[in-house]
Amino acid sequence: MSSLSTHVLDAVRGAPATGVAVTLFDSGGNELASGSTDADGRVGALGPDLSPGIHRLVFGTADYFAAQGVDAFYPEVSIAFTVGSERHYHVPLLLSPFAYSTYRGS
């Protein structure tokens with residue numbers, strides 16, 4: 001079984017994105033866990049131990065940008081990723097109102 005963490009950075013502000021809602025789903029679309037980013041833009045442990053397979057993180061970007069008073073193009077960011085035999089997965093999100101990027105972190 002594997003664990004999961006995430007980190008959201010606001011590229012426009014150059015700061016952690018605080019209070020972003022994050023929801024974890026399994027491959028069948030079942031919600032496994034949810035939370036929101038802390039003052040450092042992190043969710044240190046999200047959900048139960050993950051079984052191998054495809055999972056999806058959904059970030060509530062519309063509410064985050066609305067709270068900042070910023071118009072944004074993406075109401076949410078959905079990232080699908082594959083869990084294998086690794087012990088820990090870290091999925092960072094670099095966010096701006098009209099673009100985002102992600103990568104497999106460590």
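Two strands are taken to pair if DSSP finds at least two bridges between them. The helices (H or I, at least four residues) and strands (E, at least two) named in these legends are DSSP runs, numbered from the N terminus. The model is a predicted one, in which local features need pLDDT of at least 70 and side-chain atom pairs count only at pLDDT 80 or more, while totals for chains, interfaces and linings use all residues. Residues are numbered from 1 along each chain as its sequence is written, and side-chain values use heavy atoms, with hydrogens and water left out.

**View 1. Strand E8 pairs with strand E1 and with strand E9.** Strand E1 (residues 3–10) runs parallel to E8, and eight bridges connect the two; within this pairing, valine 8 has leucine 93 of E8 as its bridge partner. E8 also pairs with E9, here in the antiparallel sense and over four bridges, and leucine 94 stands opposite serine 101 in E9. Strand E8 (residues 88–96) is mostly covered, since seven of its nine residues are buried, where buried means under 20% relative accessible area, exposed means over 50%, and partly exposed lies in between (1.4 Å probe, protein chains only).

View 2. The secondary structure of the protein chain comes to one helix and nine strands, and from the N terminus on the elements run β-β-β-β-β-β-α-β-β-β. The C-alpha atoms fill a box of roughly 40 × 25 × 20 Å, taken along the principal axes. For 106 residues a compact globule would have a radius of gyration near 13 Å, and the 13 Å of the protein chain agrees with this; the radius is taken over C-alpha atoms, and the globule rule is 2.2 Å times the number of residues to the power 0.38. Of the 106 residues, 38% count as buried.

**View 3. An open sheet of four strands.** The strands of this open sheet have the order E4-E3-E6-E7, and their pairing is antiparallel. Strand E4 (31–36) and strand E7 (77–83) stand at the edges with a single partner strand each, so one side of each is left without a neighbour in the sheet. From one strand to the next the twist averages 20 degrees, with axes being lines fitted to C-alpha atoms (for helices over the stretch in contact) and angles running from 0 to 180 degrees between N-to-C directions. Strand E6 (residues 53–59) is joined to E7 by seven bridges, and the two run antiparallel; histidine 55 stands opposite phenylalanine 81 in E7.

View 4. Rings of Phe, Tyr and Trp (its six-membered ring) pair if their centres lie within 6.5 Å, and planes under 30 degrees apart count as stacked, over 60 as edge-to-face and the rest as tilted. By this rule the count comes to three aromatic pairs. One of them joins tyrosine 64 and phenylalanine 65 edge-to-face, at 5.2 Å centre to centre and with 65 degrees between the planes; tyrosine 64 is buried, with a relative accessible area of 3%, and phenylalanine 65 is buried too, with a relative accessible area of 3%. Tyrosine 74 and tyrosine 100 also form an edge-to-face pair, at 5.2 Å centre to centre and with 80 degrees between the planes. Because tyrosine 74 lies in the loop between helix H1 (61–68) and E7, and tyrosine 100 in strand E9 (residues 99–102), this pair ties together parts that are 26 residues apart in sequence. Phe73, Tyr74 and Tyr100 form one aromatic cluster. Elsewhere, arginine 56 lies over the face of phenylalanine 25, at 4.6 Å from the ring centre, where a charge sits over a ring if NZ of Lys or CZ of Arg is within 6 Å of the ring centre and within 35 degrees of the ring normal.

View 5. Leaving aside neighbours within four places in sequence, leucine 46 is in contact (heavy atoms within 4.5 Å) with Leu4, Val22, Leu24, Ala33, Ser34, Gly35 and Leu57. The C-alpha atoms of leucine 46 and leucine 24 are separated by 7.5 Å, although the two residues are 22 residues apart along the chain.
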